Amino acid sequence: VTAACRLPQMFTGVVVVAGWVGTTCHPAAQSLLVFGGTLDENLGARQAARAASVWRSQVVTCAADPAVEVAGPRTVSTWTGCTADTFVRLVQLEGVPHVWPKFDYYDIDDEIVLFALGRLAA
């Protein structure tokens, strides 16, 4: 996140897996994919939601309400119509600790590839 915030011209998107936005960012044309599990007490779902909120307040401006998809333990909130055709996607997994999220019902690797290809939100 720090690199993208300091060098926004080099990045069109940022992925945060069980992390946070720990720096001040300036407006830029950058989408965000952020993930957190609810059992990760330090960097989990709460920090992921905070990162999505910070991104929407500092980096891009989005529609007020996200599209929300709930499927089993997975809740995905996606804000589209953001500045410069960007989007913010928040993925929260119920009952998941601080691990790399690669399960039958959700695979972060697939999500990152789709994000990089620009196929997650339009």
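**Entry 1: the K102 end**

I started at K102, which comes out as partly exposed at 47% relative accessibility (buried is under 20% relative accessible area, exposed over 50%, partly exposed in between, with a 1.4 Å probe and protein chains only). A note to keep beside everything here: this is a predicted model, where local features need pLDDT of at least 70, side-chain atom pairs count only at pLDDT 80 or more, and totals for chains, interfaces and linings use all residues. Residues are numbered from 1 along each chain as its sequence is written, and side-chain values use heavy atoms, with hydrogens and water left out.

Which residue does K102 form a salt bridge with? I found D107, with the closest N and O atoms 2.9 Å apart; a salt bridge here is a side-chain nitrogen of Lys or Arg within 4 Å of a carboxyl oxygen of Asp or Glu. D107 is buried, at a relative accessible area of 16%. I also noted that K102, D107 and D109 are linked in a network of salt bridges.

**Entry 2: helix α3**

D107 turned up again at the start of α3, where one of its side-chain oxygens reaches to within 2.9 Å of the backbone nitrogen of D109. For the record, helices (H or I, at least four residues) and strands (E, at least two) are DSSP runs, numbered from the N terminus.

I then asked which residues of α3 are buried. They are I108, E111 and F115. These cover an arc of only 60° around the axis, which puts them on the same side of α3; the arc is that of the directions from the helix axis to the C-beta atoms. A friendly reminder to myself: an α-helix has 3.6 residues a turn, so residues three or four places apart point the same way. The cover over the buried residues of α3 includes β1, β2 and β5 (contact means heavy atoms within 4.5 Å). After α3 comes G118, with a positive phi near 75°.

**Entry 3: the other salt bridges**

I searched the whole structure and got 4 salt bridges. One of them joins the side chains of E111 and R89, at 2.5 Å from N to O. E111 lies in helix α3 (residues 108-116) and R89 in strand β5, so this pair ties together parts that are 22 residues apart in sequence. Both ends are buried: E111 has a relative accessible area of 9%, and R89 stands at 11%.

I looked at E69 and R74 too, and their salt bridge has its closest N and O atoms 3.1 Å apart. E69 is partly exposed, at 39%, whereas R74 is buried, at 17%.

**Entry 4: helix α2**

α2 covers residues 45-58, which makes 14 residues, and its first and last C-alpha atoms are 20 Å apart, close to the 20 Å expected at 1.5 Å a residue. That expected span is 1.5 Å times one less than the number of residues. Its buried residues are A45, A48, A51, A52, V54 and W55. Among the elements that cover them are α1 (2-6), β1 (13-17), β2 (31-37), β4 (74-79) and β5 (88-93).

**Entry 5: the whole chain**

Stepping back, I counted 3 helices and 5 strands, in the order α-β-β-α-β-β-β-α from the N terminus on. The C-alpha atoms fill a box of roughly 35 × 30 × 25 Å along the principal axes. Of the 122 residues, 43% count as buried. Last, I checked contacts with a separation of 6 or more: residues 24 or more positions apart account for 47% of them.

Conventions: Polar contact = N/O pair within 3.5 Å; in protein donor to acceptor, adjacent residues only side chain to side chain.
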